[in-house]
Amino acid sequence: TQQMPKKSFAVKLDSKSGVLDMKPHKRWVLLANWKDRTLMRNDVAFGIAKKFKEVFPNDGIKWNPSGQHVELVYNGVHVGNYYLCEQIKIDGNRLDINDPYEEGDAFTAPEDYGYLLECDDAYDEKWKFITANYIPFLFKDDANDAMLSYASTFVRGLEDKLAGGKYSEARSSMDYTSLVDFLLIQDLMMNSEMKHPKSCYTYIT
């Protein structure tokens, strides 16, 4: 989207703050929604995900971003309608999994932590890997060799089980209900990015 005339922005505040009744955090994003003439698709998708969570509170996607439409004034110039939403991050107020870089904690073994990964064919992060079926996975935070080896072995092993028809083994290694929710949302929103993933997030716990 950075190639589009209307740019999206990442915002980092000086300290954790709640914005428009959303939970406190430093990191936020302003989505331009340039290719969406309705400006509503992201908000509708997040709303569907939250409704799934309300109906099935113990199953499905662990956390979904919140957001609100805003009119953005940048350097005194009104630049249009944006979608201000929570940036996807490991945090107690967002994706609440065991952060390998929790302040003050010493890193132990890679399997002791959770990892946030993005499928993105831009492939522009430092720590990354590609599966046998050419699906790119990128760490959204800093990593190390042990973390990269652990995550890539886990993901590639899961892909091998699926490709080899070992569905029961694959299911035991994944959160099946969150996958179902994710695929339903992609289908309802007619999202074509699944075939060339951009900003499709997953996590390992």
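The model is predicted. A search of the whole structure also finds one cavity of 30 Å³ or more.

- The space in the second largest pocket is about 550 Å³.
- Its lining has 12 charged residues, three nonpolar and two polar.
- β2 gives the largest share of that lining, with three residues.

**The largest cavity**

- Rolling a probe the size of a water molecule over the atoms shows where empty space is left.
- The largest cavity holds about 70 Å³ of space.
- I90, D99, P100 and Y101 are among the residues that line the largest cavity.
- Its lining also includes G114, Y115 and L116, as well as F139, K140, D141, D142 and M147.
- By class, the cavity lining divides into seven nonpolar, four charged and one polar.

**Strand pairing**

- β1 and β2 run antiparallel and are joined by six bridges.
- In this pairing, V11 stands opposite W28 in β2.
- β2 also runs antiparallel to β4, with four bridges between them.
- Here L30 stands opposite L84 in β4.
- Strand β3 (residues 67–74) is joined to β4 by eight bridges, and the two run antiparallel.
- E71 stands opposite N81 in β4.
- β4 is mostly covered, with seven of its 10 residues buried.

**Turns and positive phi values**

- Most residues other than glycine have a negative phi.
- Which residue takes a positive phi in the hairpin of β1 and β2? L20 does, with a value near 50°, and the hairpin has two residues between its strands.
- L20 sits in the loop between β1 and β2.
- L20 counts as partly exposed because its relative accessible area is 40%.
- The hairpin of β3 and β4 also has two residues between its strands. In its turn, N75 has a positive phi of about 50°.
- Y134 has a positive phi too, near 65°.
- Y134 is found in the loop between β6 (128–130) and β7 (136–139).
- Y134 has a relative accessible area of 70%, so Y134 counts as exposed.

- D99 lies in the loop between β4 (77–86) and β5.
- Is D99 buried or exposed? D99 is buried, because its relative accessible area of 19% falls under the 20% cut-off.
- Beyond its neighbours within four places in sequence, D99 is in contact with I90 and Y113.
- D99 and T205 are 106 residues apart in sequence. Their C-alpha atoms are 9.8 Å apart in space.

**E118, in strand β5**

- E118 belongs to strand β5 (residues 115–119).
- E118 has a relative accessible area of 4%, so E118 counts as buried.
- What distance separates the side chains of E118 and K140 in their polar contact? The polar contact is 2.8 Å.
- Leaving aside neighbours within four places in sequence, E118 is in contact with P136, F137, L138 and K140, among others.
- Its contacts also include S199, C200 and Y201.

**L184, in helix α4**

- L184 is found in helix α4 (residues 176–188).
- L184 counts as partly exposed because its relative accessibility is 42%.
- L184 and V73 are 111 residues apart along the chain, and their C-alpha atoms are separated by 36 Å.

Definitions and conventions:
Residues numbered from 1 in each chain as written. Predicted model: local features only at pLDDT ≥ 70, side-chain atom pairs only at ≥ 80, totals over all residues. Heavy atoms only, no water. 1 Å grid on protein atoms, 1.4 Å probe; cavity = no way out; pocket = protein on both sides within 12 Å on 5 of 7 lines; lining within 4 Å. Points joined across faces, edges and corners; volume = space filled by probe spheres on them. Nonpolar A, V, L, I, M, F, W, Y, C, P; charged D, E, K, R; others polar. Pairing = 2+ DSSP bridges. Buried < 20%, exposed > 50% of the residue type's maximum accessible area, 1.4 Å probe, protein only. Polar contact = N/O pair within 3.5 Å; in protein donor to acceptor, adjacent residues only side chain to side chain. Contact = heavy atoms within 4.5 Å.
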